[in-house]
Amino acid sequence: MSSQGFMSKVAMPYAEALIESANDASVLDQVNQDLSTISDILKESKELKIFFDNPLIAIEVKKNVVNELFANQVHILVIRFLLVLIDRRRITLLDNIINKYLELVYQLQSIVVAEILTPIILTDAQQSALINKIRDVTNSKIVKLVITIKPTLIAGFIIKIGSKTIDTSLHGRLKDISAYLNSTSNVSI
């Protein structure tokens, strides 16, 4: 089993427990926002991630940092959850737990997350058209776009929804043509 698969298995019960607690307390949307905020903070602050990942730093110090950083910013349920992760030495899996949590919540709420790779910034009208088309194709209630600007793409864009990829870029089309030509050149007449 790969380490990613192992981490995903370990993250699952924590994500499920948090969903259940948030749902019981009727704060699911608030917890979603809070976890997204924490995820963004961890992406921006490599020092904080390294701090949480360091096993030499005492549990009480980590708890104090969580309380100082998030006391007035996130719901108390999220803070208690983070403290449990610290106590159980699972805070290093926080990224995986957040990703698994959001994945499960999106399934629960029929939300589809589409990752868009594009060479340019999409206008609101283009984003709206993409959302409507993806909603129709996936039969989902809500579509969230995660847009990444990738200037190396030449014309078009790439959409990733789960394990499916739709590549409309010029690079993708050239790759398809190359694969076709390579496969036909191996055919003997």
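**Ground rules.** I am working from a predicted model, where local features need pLDDT of at least 70, side-chain atom pairs count only at pLDDT 80 or more, and totals for chains, interfaces and linings use all residues. Residues are numbered from 1 along each chain as its sequence is written, and side-chain values use heavy atoms, with hydrogens and water left out.

**Tyr 14.** I found Tyr 14 in helix H1, residues 3-24 (helices are DSSP runs of H or I of at least four residues, numbered from the N terminus). Tyr 14 counts as buried because its relative accessibility is 14% (buried means under 20% relative accessible area, exposed over 50%, partly exposed in between, with a 1.4 Å probe and protein chains only). Setting aside residues up to four places away in sequence, I see Tyr 14 touching Phe 81, Leu 85, Arg 88, Arg 90 and Ile 97 (contact means heavy atoms within 4.5 Å). Tyr 14 and Ile 97 are 83 residues apart in sequence, yet their C-alpha atoms are 6.7 Å apart.

**Lys 63.** Is this lysine, Lys 63, buried or exposed? It is buried, at 16% relative accessible area. Lys 63 sits in helix H4, residues 59-70, and beyond its neighbours within four places in sequence it contacts Leu 83, Ile 86 and Asp 87.

**Lys 46.** I then looked up Lys 46 in helix H3, which is exposed, with a relative accessible area of 53%. Its C-alpha lies 14 Å from that of Leu 94, 48 residues apart along the chain.

**Cavities.** How many cavities of 30 Å³ or more does the whole structure hold? My search gave 2 (a cavity is a set of points on a 1 Å grid over the protein atoms alone where a 1.4 Å probe fits but cannot get out; lining residues have an atom within 4 Å of a point). The largest has a volume of about 50 Å³, and its lining includes Leu 42, Phe 52, Ile 91 and Asp 95. Helix H3 (46-53) and helix H6 (94-108) are the elements that each give two or more residues to that lining; H3 gives the most, with 3 residues.

**Surface patch.** Last, I noted a nonpolar surface patch of about 620 Å², made by Ile 154, Leu 170, Leu 174, Ile 177, Tyr 180 and Leu 181 (patch residues have over 30% relative accessible area and no salt bridge, with nonpolar side chains joined within 5 Å; a salt bridge is a side-chain nitrogen of Lys or Arg within 4 Å of a carboxyl oxygen of Asp or Glu). Tyr 180 belongs to helix H8, residues 170-185, and is exposed at 55% relative accessible area.

Definitions and conventions:
Patches are made of residues with over 30% relative accessible area and no salt bridge: like charges are joined within 9 Å, nonpolar side chains (Val, Leu, Ile, Met, Phe, Trp, Tyr) within 5 Å. Accessible areas come from the Shrake-Rupley method with a 1.4 Å probe; for residues, only the protein chains shown count as cover. On a 1 Å grid over the protein atoms alone, a cavity is a set of points where a 1.4 Å probe fits but cannot get out, and a pocket is an open set with protein on both sides within 12 Å along at least five of seven lines; lining residues have an atom within 4 Å of a point. Grid points are joined across faces, edges and corners, and a volume is the space filled by probe spheres set on the points.
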